[in-house]
Amino acid sequence: MRTWAPGRVNLIGEHTDYTGGLTLPMAIQLGTTVEYEPSSEPLIRLESDQDPREAWVRLPVDGLRPSADASWVRFVAAVAAQVGPAHGGRGRVRSTVPLGAGLSSSAALEVALALALGFRGSPLELALACQRAEHAAIGVPSGIMDQLASVAGRAGHALLMDCSSLATTPVPFPEGYEVVALDSGVRRRLASSAYAERRSECRAAEAVIGPLRFASPEDLTGLADPLLRRRARHVITENARVEEAAAALGRGDTGAFGQLMDASHASLSSDFGVSTPVLDELASWLRSQPGVAGARLTGAGFGGCVVALAESGGVDRWFPERRHPAWRLVPAGGATSAP
Ligand code: ADP
Ligand code: MG
């Protein structure tokens, strides 16, 4: 059995998924492959080219206790707990997704592994099972975007994702363009970052003005606390930007799309407070390169990657001048599985 699942890059729609908002990720050509042979033993044994420690997980897995041990064995155990395979097996994991850079190596691992362990269910059920596995593995209540993008990706398309209905709509990605991701090199684990704090600020805002997904900028006057007003303003305006961006991408208007990326970064920086001087600097450096339509931080913030939409031809000229690890990303299809 051989399975593959892609990482993803989020083009626009940041910190909107956990309030049921809109995002526009795309599955990327970098992904995780699992080669797996079931056995008669009640033991899963997996090697990874990204980690010297072999993962041993005894079956059945009955619940994962929260733990400071963040090793990848927890991901394997958490996925096994969701899939509940009758037998163990042996396998090997290989990944071309950089770990911890914000391109979702964790979702790629979960999805490829769940398929290898014999997950049965719809694509949406697969994404939800892998989201639950991620919660159990790392103890952070992250949104559904990463897993759903990895499952539902469509070659040549980005995905407009409604995190309330969990509907995904493929949006054609323009010919002659690609996404450049530049790694800031700064690693902050979601749990230790302000992620949980932002989630609770959004909850506090929703307690006053109702679901942010359905709020409008006029509703912001109902929020007396200036901090909550800024947080809510980011989410409300970001949802609107995603709608506009999907429409712009669909008609090939990369100029308009790039401006919306820039505006998303500005909002994440000033209203949502998740950017840093390094991320601001990298985004503006990207914007100064020839053929770049727009740039923004992607992921939770405080580190990880900055992404740009860029003309492929232009990237050939400036890409080697990078000062940070960087990847050229194109849209890929979703997870696959073959006997
Ligand atoms: P991201 O998903 O953005 O890459 P995360 O912090 O969410 O970053 O997930 C990274 C973690 O996922 C790694 O520290 C590791 O525990 C696990 N992981 C992902 N892919 C692999 C892999 N191929 N082999 C081993 N562990 C992996
Ligand atoms: Mg992740």
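Visitor: Hi! What should I know before I look?

Guide: This is a predicted model, in which local features need pLDDT of at least 70, side-chain atom pairs count only at pLDDT 80 or more, and totals for chains, interfaces and linings use all residues. Residues are numbered from 1 along each chain as its sequence is written, chains are lettered from A and ligands numbered from 1 in the order in which they are written, and side-chain values use heavy atoms, with hydrogens and water left out.

Visitor: How many residues does each domain give to the contact?

Guide: Domain 1 gives 37 residues and domain 2 gives 44, where contact means heavy atoms within 4.5 Å.

Visitor: And what area is buried there?

Guide: About 3,200 Å², with 68% coming from carbon and sulfur atoms. Buried area is the accessible area (1.4 Å probe) that two parts lose on being put together, summed over both. On the domain 1 side, I12, E14 and H15 supply 21% of what that domain buries against domain 2, more than any other three residues.

Visitor: You mention H15. Where is it?

Guide: H15 is in the loop between strand 1 and strand 2. Strands (E, at least two residues) and helices (H or I, at least four) are DSSP runs, numbered from the N terminus. Phi of H15 is near 60°, a positive value in a residue other than glycine. Most residues other than glycine have a negative phi, and most peptide bonds are trans.

Visitor: Which peptide bond is cis, then?

Guide: The one from L59 to P60, with omega near -5°. P60 sits in the loop between strand 4 (51-58) and helix 1 (73-83).

Visitor: Back to the domains: how many salt bridges are between them?

Guide: Two. A salt bridge is a side-chain nitrogen of Lys or Arg within 4 Å of a carboxyl oxygen of Asp or Glu. R213 also forms a salt bridge with D162, with the closest N and O atoms 2.6 Å apart.

Visitor: New topic! Which residues come nearest to ligand 1?

Guide: S48, G100, G102, S105 and S106, of the 17 residues around ligand 1; being near takes a heavy atom within 4 Å. An N or O atom in the side chain of S48 is 2.7 Å from a nitrogen atom of ligand 1.

Notes
A polar contact is a pair of N or O atoms within 3.5 Å; within protein, one must be able to donate a hydrogen and the other to accept it, and residues adjacent in sequence count only if both atoms are side-chain atoms.
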